[in-house]
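Thank you for asking for comments on this model. My remarks are set out below as numbered points.

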Amino acid sequence: MAKKVTTKKETSQESAAINQQNENIARQLDVDIAVEKRLVALYTLQTVDSEIDKIKIIRGELPQAIQDLEDEIAGLETRIQNFNNDIAETNQRIANEKNEIAEHGEMIKKYQKQQDNVRNNREFEAINKEIEYKDLQIQLCERHLKEANAHIKEVQQHISAAELLLENRHKDLQIKKDELEDITKETEKDEQRLRAKSEEQEQFIEPRYLTAYKRIRKAARNGLAVVTIDRDACGGCFSKIPPQRQTEIKMHKKVIVCEHCGRILVDDDIAERAKATLA
């Protein structure tokens, strides 16, 4: 049998093919490592954010209670201002009514003087009717004055009640703020450290994955966007995960989400590496 002779050209082609294959393998390894780093960063970020959530739970509903009190105080202050504006407008009406009474009184005096110079009974009756009309107008103005004064007294009572309530709400607000300040002082250093760690981890995550993480976390009731597999189920919604899917998750070749809740899934290896990062 004739022996095959390998030419330099064939040797060069084989060498190029091997080099290309090695480059492809190297690139694939780089991709796998990048995905693993991304998964570790995501789970680390989730761990840190969960710790921050615990601090918020310790604070309880104080921030919301403070906001509610501030809103109520603002509403009471607006109500008191409206009451004061109402009183100012009513006082202006009172002043106008008093001016009208004075004007009607002057007109009555004028008509009474005219009665002394009438020439017949018809003129006397006409002037007398004008006097009666002005007198009725005075009575009407006096009734308006009485109603206005009664209204002012009623509004003043509302102001007193609102001011008392406002004073109590200011006291409640200060108490809530003092409570929150005490809790904040206790947890401030831990929260600052955790927030710095959270920002640090975000730098290792591409914007699209970070955006997805925040969106999932916001939608999740417990704030969990990245979870491990627990007893063959999603650690977030507890739906069963098929064995093939679990194998893909353990390979760390891509970011895989739960088909039921959309949370990002990682295996225990990624979780352990994340814990080591925080240690």
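1. The model is a predicted one. The protein's secondary structure amounts to six helices and four strands. Read from the N terminus, its elements follow the order α-α-α-α-β-β-α-β-β-α.

2. Burial and surface. The protein has 279 residues, of which 31% count as buried.

3. Contacts along the sequence. If contacts between residues at least 6 apart in sequence are taken as the reference set, 73% of them join residues at least 24 apart.

4. Sheet order. The four strands make up an open sheet whose order is E2-E1-E4-E3, with mixed pairing. Its edges are formed by strand E2 (233-234) and strand E3 (256-257), each of which pairs on one side only.

5. Strand E1 and its antiparallel neighbour. Strand E1 spans residues 226-230 and pairs with E2 in the antiparallel sense, over two bridges. Across this pairing, Asp230 lies opposite Ala233 of E2. The hairpin of E1 and E2 has two residues between the strands, and Arg231 there adopts a positive phi near 55°. A reader inspecting the turn may wish to begin with Arg231, given this positive phi.

6. Strand E1 and its parallel neighbour. E1 is also joined to strand E4 (residues 264-266), here by three bridges and in a parallel arrangement. Val226 has Ile264 as its bridge partner in E4. How much of E1 is covered? Four of the five residues of E1 are buried, and the strand is thus described as mostly covered.

7. The largest cavity holds about 30 Å³ of space. Its lining consists of Leu39, Ile249, Lys254, Ile256, Leu265, Val266 and Asp267. By class, five of the lining residues are nonpolar and two are charged, while no polar residue takes part.

8. Ile256, one of the lining residues, belongs to edge strand E3 (256-257). Leu265 and Val266, also among the lining residues, fall within strand E4 (residues 264-266).

Notes. Residues numbered from 1 in each chain as written. Predicted model: local features only at pLDDT ≥ 70, side-chain atom pairs only at ≥ 80, totals over all residues. Heavy atoms only, no water. Pairing = 2+ DSSP bridges. Buried < 20%, exposed > 50% of the residue type's maximum accessible area, 1.4 Å probe, protein only. Contact = heavy atoms within 4.5 Å. 1 Å grid on protein atoms, 1.4 Å probe; cavity = no way out; pocket = protein on both sides within 12 Å on 5 of 7 lines; lining within 4 Å. Points joined across faces, edges and corners; volume = space filled by probe spheres on them. Nonpolar A, V, L, I, M, F, W, Y, C, P; charged D, E, K, R; others polar.
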